[in-house]
Amino acid sequence: MAERGRVRLVVLNYDGGHEVVRCFDHLMALRWPPDELELVLIDNGSSDGSAHAVATRHPSVEVVQLDRNRGFPANNVALRDLAGVRYVGLVNNDAFVEPGFLAPLVEALEADRSLGAACPLILFDHQYLELAVEVPAERPGPGDPRELGVKLTGARVAGEDVWRRVHVPRGGHGLEVSGRSSWQWTGRRAVVRVPVRRGEPRPDRIELQAAALSPRVATFTSGRVRTEVEVHERPSWIEVAVDGEPFDVVNNAGSVVFDDGYGADRGFGEVDSGQFDEPAEVFAWCGGAVLLRPDYLADVGLFDEHLFLYYEDTDLSWRGQARGWRYRFVPEARVRHLHAATSIDGSARFQYFTERNRLLVLAKNAPAPLLRRALGGFLGQTYDAARRDIVAALAQGRRPNPVPTYRRLRAGLGFLRSAPHALRARRRLRRRQTVSDAELLMALVPTAGVSPSPRPAPAGEC
């Protein structure tokens with residue numbers, strides 16, 4: 001066993017409700033000497049009383065109350081003074097560590113002083129049941145090449161609303177959001193995963209809210225059971241039989257950056273079947289759960305407060321890579337994460353910060369050819385959105401949808417406003433860089449024709 005030392009674990013909270021209390025319940029149950037463990041709650045101006053609830057239930061936790069929401073970089077409050085701290089870790093307020101979480105991460109950092117961070121296997125808190133969907137599909141009209149099957153707008157298990165945690169890993173057209181509503185269209189064939197609570201009896205039936213462009217019969221197959229149901233234009237609730245054993249799904253096994261500049265969770269959405277049981281070097285770590293070496297932070301700095309929300313950990317990881325620091329994924333350390341508990345994928349806020357911050361991180365860190373490609377790609381995608389959703393719609397007498405173009409333009413303007421800061425930082429970072437651009441580019445993951453979804457590094461989730 002590696003030598004144990006004083007470890008500080010930091011939880012950033014913003015209106016975390018009962019989940020942040022549950023987070024600290026798990027931290028208090030760590031197999032680690034209490035006198036060698038500091039637990040710190042940084043409260044980002046919450047109004048739901050969750051910080052008070054933690055302080056009442058766990059008086060040993062140091063609670064730092066901030067006057068307003070300063071975003072994910074508010075973690076810096078607990079990262080600046082690390083005198084006497086051997087390692088410092090971050091844990092999301094909706095993440096729940098297993099009792100043996102800490103020791104393997106400490107051992108990894110003790111064994112290799114070139115490691116700046118050690119990161120655990122993060123699984124979704126819920127387990128999942130899988131449904132195969134088959135349905136006649138049709139195209140919605142000129143200008144939209146998609147084949148649309150059923151439009152999923154809600155899901156319930158035993159009366160509980162679980163829609164925000166439903167996955168469509170294959171055959172879907174991606175999450176769409178308008179205001180407080182969200183939906184996903186499937187194609188002709190798709191796979192839908194519905195979350196169920198761990199340790200509870202598997203339900204025999206679940207409910208889906210579904211619609212279609214015109215009436216059609218959809219077939220849902222789960223294990224050995226099959227449900228055929230007619231779906232109409234207006235969304236309605238349907239019951240679907242489910243079968244089989246619930247399974248775990250990976251949220252993060254370390255993080256990667258693709259060669260087009262998008263960050264992503266390594267292994268996101270994969271069924272956990274042992275494929276991540278071995279340690280591995282990774283390009284980046286996820287701020288949802290990580291253990292950091294203070295010397296690494298002293299060398300590369302803390303979170304960039306201009307980013308506010310999403311991609312902060314990718315930025316800090318890239319800065320370390322350029323200085324020769326390495327990061328290791330340690331699968332023996334495990335965390336459960338209540339994905340989408342504190343942010344909404346696909347929302348206007350999500351899309352603004354992920355796209356703006358991705359460009360800012362590239363402006364700070366990426367070799368010039370990658371930065372040029374990313375900026376050109378952003379302009380091209382914005383032009384395509386305007387042509388498809390506005391120009392073509394008007395020409396064909398359809399109602400235009402300016403929202404995607406507006407959101408991209410807003411993110412682009414946000415990037416331009418913060419670009420001077422990013423370029424000043426770039427000059428400083430380039431002067432201190434010790435790893436060549438060629439080596440950094442070799443560490444990126446080829447897209448190989450795949451267009452990955454942006455992988456943010458948000459406060460509240462990976």
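**From a helix pair to a strand and its partners**

Helix H7 passes helix H8 in a left-handed crossing; a crossing has this hand if the near helix is turned anticlockwise from the far one by less than a right angle, and is right-handed if clockwise. The structure is a predicted model, in which local features need pLDDT of at least 70 and side-chain atom pairs count only at pLDDT 80 or more, while totals for chains, interfaces and linings use all residues. Residues are numbered from 1 along each chain as its sequence is written, and side-chain values use heavy atoms, with hydrogens and water left out. Helices (H or I, at least four residues) and strands (E, at least two) are DSSP runs, numbered from the N terminus.

H7 covers residues 368–395 and H8 covers residues 403–432; their axes come within 9 Å and cross at roughly 165 degrees. Such axes are lines fitted to C-alpha atoms, for helices over the stretch in contact, with angles from 0 to 180 degrees between N-to-C directions. H7 is therefore roughly antiparallel to H8, since angles over 145 degrees count as roughly antiparallel, under 35 as roughly parallel, 65 to 115 as roughly perpendicular and the rest as oblique. On the H7 side, the residues in contact (heavy atoms within 4.5 Å) include Leu371, Leu375, Phe378 and Ile390. H8 contributes, among them, Pro404, Leu409, Phe415 and Arg426. By class, this contact has 10 nonpolar, 4 polar and 3 charged residues. Here Ala, Val, Leu, Ile, Met, Phe, Trp, Tyr, Cys and Pro count as nonpolar, Asp, Glu, Lys and Arg as charged, and the others, Gly among them, as polar.

The C-alpha atom of Phe415 is separated by 9.5 Å from that of Phe353, 62 residues apart along the chain. Phe353 is found in H6, which spans residues 348–365. Phe353 counts as buried because its relative accessibility is 12%; buried means under 20% relative accessible area, exposed over 50%, and partly exposed in between (1.4 Å probe, protein chains only). Leaving aside residues up to four places away in sequence, Phe353 touches Leu307, Phe308, Leu309, Tyr310 and Arg358.

One of these residues, Phe308, lies in the loop between helix H4 (294–300) and helix H5. Although Phe308 is not a glycine, it has a positive phi of about 70 degrees. H5 itself (residues 312–322) is mostly covered, with 11 of its 11 residues buried. Those buried residues include Glu312, Asp313, Asp315 and Arg319, as well as Leu316 and Trp318. Just after H5, Gly324 takes a positive phi of about 95 degrees.

Strand S8 (residues 151–157) is mostly covered, 5 of its 7 residues being buried. S8 is joined by 5 bridges to strand S12 (residues 205–211), and the two run antiparallel; two strands pair if DSSP finds at least two bridges between them. Within this pairing, Gly154 stands opposite Gln209 in S12. S8 also pairs in the antiparallel sense with strand S11 (residues 181–196), over 2 bridges. There, Lys151 has Trp185 of S11 as its bridge partner.

A further antiparallel partner of S8 is strand S9 (residues 160–161), joined by 2 bridges. Val157 has Glu160 as its bridge partner in S9. The hairpin of S8 and S9 has 2 residues between the strands. Ala158 lies in this loop and has a positive phi of about 50 degrees although it is not a glycine. Ala158 counts as exposed because its relative accessibility is 79%.
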